[in-house]
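Please keep the sequence and the three-dimensional view at hand while reading.

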Amino acid sequence: MITAEMVKELRERTGAGMMDCKKALTETKGDMEKAIDYLREKGLAAAAKKAGRITAEGVVEAYIHGGGRIGVLLEINCETDFVAKTEQFKALAKDICMQIAAANPSYVSRSDVPAEVINHEREVLRAQALNEGKPAHIVEKMIEGRLEKFYKEVCLLEQEFIKDPDKTVQQLINEQIAKIGENITVRRFTRYQLGEGIEKKANDFAAEVMAAVKK
């Protein structure tokens, strides 16, 4: 059984995130040393150790799809101008631009979601749960679970990576941090869409981006 104390210890020893630590322990059947190796192999421990480093360099990457029907501007940062100019870093920037074009996130991370948006979502989810006839004592647990799903839909770093749904965008970045040896952060992005608000067109555009990625 994987306990909270085990997860806490692994996090303290590696600096990796709570969910990554829990997964590592689950995959290694609770073996602490193997879990540490697992995180190192995935680049998660290394990424955590570099997370506090200042990222003042980087690029502003632009991506245009469908003859100008969807456009993305992304600022992604690293530590040095040398890394910013590498093909590996530029490829990562392009992949994340395509992710934004296809998946249409609203925020970079959950810390960017305004409190009023979270509170509104909580009220909507609470009403949904009560309308489904769920007992009051489990409604709050259901709300938290559905909020996690909400974050995975609207936060770029928590979305499934369109080229490999088995990893999140944050995990993709962590892997590159381990390979490149520098901290990498997504600072901000803007997504433009021609005729935005027309649902049919929005769906068609997203499908076209996904098709382009799979070619």
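Leaving aside residues up to four places away in sequence, Gln 99 touches Asn 104, Pro 105, Leu 156, Gln 159, Glu 160, Phe 161, Ile 162 and Val 169. The model discussed here is a predicted one. Gln 99 belongs to helix α6, which covers residues 87–103.

Is Gln 99 buried or exposed? The relative accessibility of Gln 99 is 1%, and the limit for a buried residue is under 20%, so Gln 99 counts as buried. Two polar contacts involve the side chain of this residue. In one of them, the side chains of Gln 99 and Gln 159 are joined at 3.0 Å. In the other, a polar atom of the Gln 99 side chain lies 2.9 Å from the backbone nitrogen of Ile 162.

**Helix α6 and its surroundings**

Two packed helices are described by the distance between their axes and the angle between those axes. For α6 and helix α9 (residues 169–180), the axes come within 11 Å and cross at roughly 175°. An angle over 145 degrees counts as roughly antiparallel, and therefore α6 is roughly antiparallel to α9. On the side of α6, the contact is made by Gln 88, Phe 89, Leu 92, Ile 96 and Gln 99. On the side of α9, the residues are Val 169, Leu 172, Ile 173, Gln 176, Lys 179 and Ile 180. Helix α6 also lies across the strands β1, β2 and β5, and runs at about 140° to β2.

**The sheet**

Which strands form the open sheet, and in what order? There are three strands, in the order β1-β2-β5, and their pairing is antiparallel. β1 (57–65) and β5 (185–193) stand at the edges with a single partner strand each, so one side of each has no neighbour in the sheet. On average, and with direction ignored, neighbouring strands of this sheet are turned by 10° against each other.

Strands of a sheet pair through backbone hydrogen bonds, in either a parallel or an antiparallel manner. Here, β1 and strand β2 (residues 70–78) pair in the antiparallel sense over nine bridges. Within this pairing, Glu 57 stands opposite Cys 78 in β2, and Ile 64 stands opposite Gly 71 in β2. β1 and β2 form a hairpin, with four residues between them. Gly 66, in the turn, has a positive phi of about 65°.

**Positive phi in residues other than glycine**

Lys 29 and Asn 104 each have a positive phi although neither is a glycine. The table sets out their values and places.

| Residue | Phi | Loop | Relative accessibility |
|---|---|---|---|
| Asn 104 | about 50° | between α6 and α7 (115–131) | 39% |

Asn 104, at 39%, counts as partly exposed. Asn 104 is also one of the residues that Gln 99 touches.

**Domains**

How is the protein divided into domains? Domain 1 covers 1–51, domain 2 covers 56–113 + 155–195, and domain 3 covers 116–145. The C-alpha centres of domain 1 and domain 3 lie 31 Å apart.

Technical notes
Residues are numbered from 1 along each chain as its sequence is written. This is a predicted model: local features need pLDDT of at least 70, side-chain atom pairs count only at pLDDT 80 or more; totals for chains, interfaces and linings use all residues. Side-chain values use heavy atoms; hydrogens and water are left out. Domain bounds come from an automatic or database domain assignment. Helices (H or I, at least four residues) and strands (E, at least two) are DSSP runs, numbered from the N terminus. Buried means under 20% relative accessible area, exposed over 50%, partly exposed in between (1.4 Å probe, protein chains only). A polar contact is a pair of N or O atoms within 3.5 Å; within protein, one must be able to donate a hydrogen and the other to accept it, and residues adjacent in sequence count only if both atoms are side-chain atoms. Contact means heavy atoms within 4.5 Å. Two strands pair if DSSP finds at least two bridges between them. Axes are lines fitted to C-alpha atoms, for helices over the stretch in contact, and angles run from 0 to 180 degrees between N-to-C directions. Angles under 35 degrees count as roughly parallel, over 145 as roughly antiparallel, 65 to 115 as roughly perpendicular and the rest as oblique.
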